[in-house]
There are 2 protein chains.
Amino acid sequence: MSDDPDKSNRNNKISLAEVAKAAGVSKMTASRVLRDEGGFSEKTRAKVMVEVDRLGYLPNRLATVFAGGKKSTFVGVSIPELGNEIFAQVLEGIDRKLGAFGHQTVLGLTEHEIDHEEKWIETVLSWQPAGLIVTGRSHSPKAIQMLRGAGIPLVEIWDFNSSPLDMCVGLNHFDSGYSMGRYLAGMEYRKFGYVGTSHDVANAATARLNGFSKAIEDANGRLEKQLLLKDTPGFYTGFYGTEQLLAAHRDIEAIFYQNDNMAIGGLQYTQKIGLRVPDDIGIAGWGDLPISAIQPYRLTSIAVPHLKIGQIAAEMVLAQINGEPVKSAKDVGFRLIPGSTVLKPTARA
Amino acid sequence: MSDDPDKSNRNNKISLAEVAKAAGVSKMTASRVLRDEGGFSEKTRAKVMVEVDRLGYLPNRLATVFAGGKKSTFVGVSIPELGNEIFAQVLEGIDRKLGAFGHQTVLGLTEHEIDHEEKWIETVLSWQPAGLIVTGRSHSPKAIQMLRGAGIPLVEIWDFNSSPLDMCVGLNHFDSGYSMGRYLAGMEYRKFGYVGTSHDVANAATARLNGFSKAIEDANGRLEKQLLLKDTPGFYTGFYGTEQLLAAHRDIEAIFYQNDNMAIGGLQYTQKIGLRVPDDIGIAGWGDLPISAIQPYRLTSIAVPHLKIGQIAAEMVLAQINGEPVKSAKDVGFRLIPGSTVLKPTARA
DNA sequence: ACGTGTTGAGTTACCCGTAACGTTACGTTA
DNA sequence: TAACGTAACGTTACGGGTAACTCAACACGT
């Protein structure tokens, strides 16, 4: 007898069969009641629900997915790290949206490592997720093959890409770097510095640096880079990176940082050694974090709609799950925040 | 025949049966090869692996869990929000550790709402997770019932609790607030302010405020509270909360904030209106975020081992999954950072 | 040539739900 | 009262793996 619930199942949880038996109905009837599918009397419904409560039955969605050949309600989301506030915000945007539509986020921190990402993709795909959101556009060949073969909605976020594997939402990091470079060159700075962390891989920060570098080149400026290997891009790193950069190149007039946190670290360092901002040195960040707006100086930066990126990514996945037509690539753009940490020479001391 | 793979399965993925057929072996043999369980010849292994690669087979872990009556490798982790850097760090600590041991984090943002948490618990339990980590110790009755009945490792984090539902790691928030209150009273401040966000529920921030309040009371001080309803505890909130508090009570000598971000917002406000810190007013935060160390002033704060909380929580879950004996409650403590934003009156202007 | 042990591989029975279909009980209508 | 419709519920067959068991083939010592 297939409904036999007598021998308790392997993880001694209450199964549908046990509820059904206790209620004196068949598994199928109990299932219909629980799914409120109709085809049962009120009396039956009541009997079943009493037992559900009494036994503390919790449905096993694994079995549902299995039986129905459906996808799960999981959406895999890979993010490089959470130490970076921006990524945390993107993740929050994603999870809020997904959660509101009954989906769950399965997290993967890749730590900017492609191999890490590949391994995570393999694992998460084995759980039959309903969709995938990955940060960045560079993946290992095997990862690309798996993503292609998965047959589920996929969104690459952060780095805008006009020909994504499936869908994409982000911004053009090269352009944002170029934009900042041109802006600073327009302030008639000529000797530039860049402070960031290790860029082994072709990631978004590298694209920003390349764009920045190109703009400086186009303006016949000079650029000194200070890359801190294997360090997290935070306040300390910005502080010490600036110290190192200025120790090596005393004549630098303006510094562009990988992100706002590092820029604020740099700002504090310049203040500590008595350099005035922007009179003696210009400081520019990237990301426009809340902290940047509350500093004594309004930090010159690039504002990025991070929450929006997360939300749109989640919406794209949800729409495709529901079979709605989806625009496959969305550029959310960026906005240069002039701030008060850079200035024209006429206005400088 | 149970191995018949002829009709492709419902989500047209490659199944083990298809691999087995292509390799000319039984499902079971293919399964053994993939799990490297032994009981097959090298020749057989090669045949199977060739087909695995050729067909791009990815295992279906749903089926594995289902068949084996095992738990999944999911660990549900509920966090109130990610806007707060500390929680993001805790989450990072958890996911790093879990990921290193082949587990996946299923995220749940509760937004400090117990009902939200209850709903999330129900959903995540239906996926048969291997363990659960939840933030905070106050749960709805139904949530408690579900957690009790789940029969999986459970860690309540953040708020230390000597009699947890199962396991617990965190710190005593009341004590940390009391500690700060006593420290400030020792600086001979007498008129205190508190700036935080809405405390409908009995959460950790409320406990801190209560502890602080008690210490002030014990020292015969006066305390004015400024609670901003339904706002996120960030820089802006600290900035405007301080404005409101000082507008109503001009004689306040020292302010304690719900967290460092808010304190830094307050610090900026006091500077904006020309108050000197700590001469005119004392400022104290909570959490000791990296940003606090890099400010012009070293912020007086309470340092909390956030990464450690996440790591220990993950370790507790992993240990219990592996059947190892686990200490059920761990107080990670806190450390008062004297900083330079409060001072004895003799040293004040 | 024979029994025996070892090893490789097949069989069967589940796991827990759901879809599809079959059956029963009862009410309606001619 | 036979014939039929329909609501309510039961039965069966998966789905993709795994555990436990069975069986066949072969090497080996005697």
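Predicted model: local features only at pLDDT ≥ 70, side-chain atom pairs only at ≥ 80, totals over all residues.
Ile86(A), Gln89(A), Val90(A), Leu91(A), Glu92(A), Gly93(A), Ile94(A), Lys97(A) and Leu98(A) lie on the α5(A) side. Their partners in α13(A) are His306(A), Leu307(A), Ile309(A), Gly310(A), Gln311(A), Ala313(A), Ala314(A) and Glu315(A). By class, this contact has 9 nonpolar, 5 polar and 3 charged residues. Here Ala, Val, Leu, Ile, Met, Phe, Trp, Tyr, Cys and Pro are nonpolar, Asp, Glu, Lys and Arg charged, and the others, Gly among them, polar.

The axes come within 7 Å and cross at roughly 35°. Axes are lines fitted to C-alpha atoms, for helices over the stretch in contact, with angles from 0 to 180 degrees between N-to-C directions.

## Chain A meets chain B

The contact takes 51 residues from chain A and 50 residues from chain B. On the chain A side, α5(A) gives the most, with 8 residues. That side has 24 nonpolar, 19 polar and 8 charged residues.

Strands pair here too (DSSP must find at least two bridges). β2(A) and β2(B) run antiparallel, joined by 3 bridges. Leu107(A) has Thr105(B) as its bridge partner. Helices (H or I, at least four residues) and strands (E, at least two) are DSSP runs, numbered from the N terminus.

## Notes on the model

Residues are numbered from 1 along each chain as its sequence is written, and chains are lettered from A and ligands numbered from 1 in the order in which they are written. Local features need pLDDT of at least 70, side-chain atom pairs count only at pLDDT 80 or more, and totals for chains, interfaces and linings use all residues.

Notes. Contact = placed C-beta atoms within 7 Å.
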